[in-house]
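Please take a moment to look over the model shown here before reading on.

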Amino acid sequence: MTSKRFSECLLHIRWTPINIASALQCELSWIEAMEAGNEEIPDGLATWLETLAQAHEALPPPTTYRGRRA
């Protein structure tokens, strides 16, 4: 996985680097290094992110609730 695709996956999942660092319980600096292309993205992590991103791409949030108020 390229750093560009890594960033794209995070956008599709709606995660910031802080969110994925929290989910993985790892250092934010490692996530930032992968995002910048300074660290290789492990195959297992790439597969997991790709699967999540594809699910989010295939199942976008419903638009029915936009502008709803209490």
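A residue is called buried when its relative accessible area is under 20%, exposed when that area is over 50%, and partly exposed in between. In this model, which is predicted, Glu 8 has a relative accessible area of 30% and is therefore partly exposed.

Side chains of opposite charge can pair when their charged atoms come close. A search of the whole structure finds three salt bridges, and one of them joins Glu 8 to Arg 5, with 3.3 Å between the closest N and O atoms. Both Glu 8 and Arg 5 belong to helix α1, which covers residues 3-13, and they stand three residues apart, or about one turn of the helix.

Arg 5 also meets the side chain of Glu 50 in a salt bridge, at 2.6 Å from N to O. Because Glu 50 lies in helix α4 (residues 43-58) while Arg 5 lies in helix α1, this pair ties together parts that are 45 residues apart in sequence. A further salt bridge connects Arg 5 with Glu 57, whose closest N and O atoms are 3.6 Å apart, and this pair too links distant parts of the chain, since Glu 57 is in helix α4 and Arg 5 in helix α1, 52 residues apart. Glu 57 is partly exposed, with a relative accessible area of 37%. Taken together, Arg 5, Glu 8, Glu 50 and Glu 57 are linked in a network of salt bridges.

Turning to another helix, Ile 18 is found in helix α2, which spans residues 17-24. With 56% relative accessibility, Ile 18 counts as exposed, and its C-alpha is 9.1 Å from that of Glu 32, a residue 14 positions away in sequence.

Definitions and conventions. Residues numbered from 1 in each chain as written. Predicted model: local features only at pLDDT ≥ 70, side-chain atom pairs only at ≥ 80, totals over all residues. Heavy atoms only, no water. Helix = DSSP H or I, 4+ residues; strand = E, 2+ residues; numbered from the N terminus. Buried < 20%, exposed > 50% of the residue type's maximum accessible area, 1.4 Å probe, protein only. Salt bridge = Lys/Arg side-chain N within 4 Å of Asp/Glu carboxyl O.
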